[in-house]
Amino acid sequence: MMKQLKMMFLAQWRLSFRELQAWFWGIFFPVILMVIFMVIFSGGSEDDFQVKVAVVSEQPTEAAVIILEQIKHIPVLELTEDSPASREEAEALVIDGEVAAAILLPDAEDGDELTLIVNKEKETNAAAMTVRGILSQVVQQTNLIVSGAAPAYGLKIESVSAGSDDLKAQDFIMTGMIALAIAQSGLFGMVDMVEMRRRGLLKRLRMTPAKMGLFGFSDMIMRLVFAVIQIVLLSLIGVYIFGASLHIDLISLLVIFLVGVLSFNAMGYFFSSISKTSEAYMAMANILNFLMMFLSGIFFAVETMPSWLQPLSNILPLTYFVNGIRDSMVYNTGILTGSFWFSIGVITLWGAAAFILGSLFYRSRSITTR
């Protein structure tokens, strides 16, 4: 039996790696996608973020001098070397995009108002919103100074995390890509079953002494090994090239890994049972894959999506798989949390339903073709 299992495993391994889809969706696509998003979201440090602004002070007042001194000490704001002499020059700089905003300090004629000029087409971008928020605080602080009042309350911001270190964007994206890669391998990895059934290979295999149970078991072992390779490869790239951090809870990782691999392969199995051609299989797998890729919290949190879209995210299996992967690889929350087992339950339901339906379709077709 072991010899037959070994031979079937090697045959499955060679068969899968002859499929270009397995290489593309399982290895190249996740790696390329992870590198792109890592470069976009983790290329710079928050300490380096600066917004270039121009300050206009045509007829400086006492309040204008106080405000200007405060602005000079704000590290996020980078003042232009040559301050524009008038409002018109400042507006031209904003329109040309040379500065993100222009600040008009109070002058003798309008001594109680600070004016912020931003480009209308860009007034909701991060730079303009940052300057607006900072200036609101500057105005409040200046009012207190001028009135001689001391602030009664201050704001202290602290962050907590289940992980041992501060979480970074790299950690979020890396674990998202690991979950996506495993899901895609399951969804697209069963396309060879369609061709085997269409060519009658499965029927001929049943006529041989080979045990179909061992055939399926060897296929599952091959897919588990492939998923391990994906986790190791993506983790190495994320940690050693982009500085991501891992805080692994091994038991919860093993549980979510096994449940996820089996469930997404069951979904691929279901697609293979209802597809007459490999093209039809790929079309169905692509639809579910793209839905999950952008709605399951791979690149950004589900909570940031529009409220009307979040219910759809909350029924997709990848949403719960990526949550489980993050719990076990980044947040280190352990196996005893309710949210972790809720994720396991949802993924298991998806996998069990897909496997049962796939088995029924295969059985009905087998009876029909006799």
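**Figure 1. P75 and its loop in the predicted model.** P75 sits in the loop between α3 and β2, the strand of residues 77-79. The model shown here and in the other views is predicted. P75 counts as exposed, with a relative accessibility of 65%. In sequence, P75 and V51 are 24 residues apart. In space, their C-alpha atoms are 9.2 Å apart.

Figure 2. S83 counts as partly exposed, at 49% relative accessibility. V55 lies 28 residues from S83 along the chain. The C-alpha atoms of S83 and V55 are separated by 5.9 Å.

**Figure 3. The whole chain, for orientation.** The chain has 370 residues, and 44% of them count as buried. It holds 14 helices and four strands. Contacts between residues at least 6 apart in sequence were also sorted by separation; 79% of them join residues at least 24 apart. The chain exposes about 20,500 Å². Carbon and sulfur atoms supply 64% of that area.

Figure 4. Side chains of opposite charge can pair when their charged atoms come close. A search of the whole structure finds two salt bridges. One of them joins the side chains of E69 and K72, at 3.9 Å from N to O. Both residues lie in helix α3, which spans residues 62-72. They are three residues apart, about one turn of the helix. E69 is partly exposed, with a relative accessible area of 37%.

**Figure 5. A salt bridge between E91 and R87 in helix α4.** Here E91 forms a salt bridge with R87. Their closest N and O atoms are 2.9 Å apart. How far apart are E91 and R87 in helix α4? They are four residues apart, so about one helical turn separates them. Helix α4 covers residues 87-95. E91 is partly exposed, at 29% relative accessible area. R87 is partly exposed as well, at 35%.

Figure 6. W23, F24, F28, I32, I36, I40 and F41 make a nonpolar surface patch of about 690 Å². I36 is found in helix α2, residues 20-42. The relative accessible area of I36 is 42%, so I36 counts as partly exposed. F28 has its place in helix α2 too. F28 is partly exposed, with a relative accessible area of 46%. A181 is 153 residues from F28 along the chain. The C-alpha atoms of F28 and A181 are separated by 9.6 Å.

**Figure 7. Y269 and F355, a stacked aromatic pair.** The whole structure contains 11 aromatic pairs. In the one shown here, Y269 and F355 are stacked. Their ring centres are 5.5 Å apart, with 25 degrees between the planes. Which helices hold the two residues? Y269 lies in helix α10, residues 250-274, and F355 lies in helix α14, residues 338-369. The pair therefore ties together parts that are 86 residues apart in sequence. Are the two residues buried or partly exposed? Y269 counts as buried, at 17% relative accessibility. F355 counts as partly exposed, at 46%.

**Figure 8. F340 and W341, an edge-to-face pair.** F340 and W341 form an aromatic pair that is edge-to-face. The centres are 5.6 Å apart. The planes stand at 85 degrees to each other. F340 has a relative accessibility of 0%, so F340 counts as buried. W341 counts as partly exposed, at 43% relative accessibility.

**Figure 9. An aromatic cluster and an arginine over a ring.** Four residues, F37, F290, F294 and F299, form one aromatic cluster. A further close-up turns to R326 and F172. R326 lies over the face of F172. The distance from R326 to the ring centre is 3.5 Å.

Technical notes: Residues are numbered from 1 along each chain as its sequence is written. This is a predicted model: local features need pLDDT of at least 70, side-chain atom pairs count only at pLDDT 80 or more; totals for chains, interfaces and linings use all residues. Side-chain values use heavy atoms; hydrogens and water are left out. Buried means under 20% relative accessible area, exposed over 50%, partly exposed in between (1.4 Å probe, protein chains only). Contact means heavy atoms within 4.5 Å. Accessible areas come from the Shrake-Rupley method with a 1.4 Å probe; for residues, only the protein chains shown count as cover. Rings of Phe, Tyr and Trp (its six-membered ring) pair if their centres lie within 6.5 Å; planes under 30 degrees apart count as stacked, over 60 as edge-to-face and the rest as tilted. A charge sits over a ring if NZ of Lys or CZ of Arg is within 6 Å of the ring centre and within 35 degrees of the ring normal. Patches are made of residues with over 30% relative accessible area and no salt bridge: like charges are joined within 9 Å, nonpolar side chains (Val, Leu, Ile, Met, Phe, Trp, Tyr) within 5 Å. A salt bridge is a side-chain nitrogen of Lys or Arg within 4 Å of a carboxyl oxygen of Asp or Glu.
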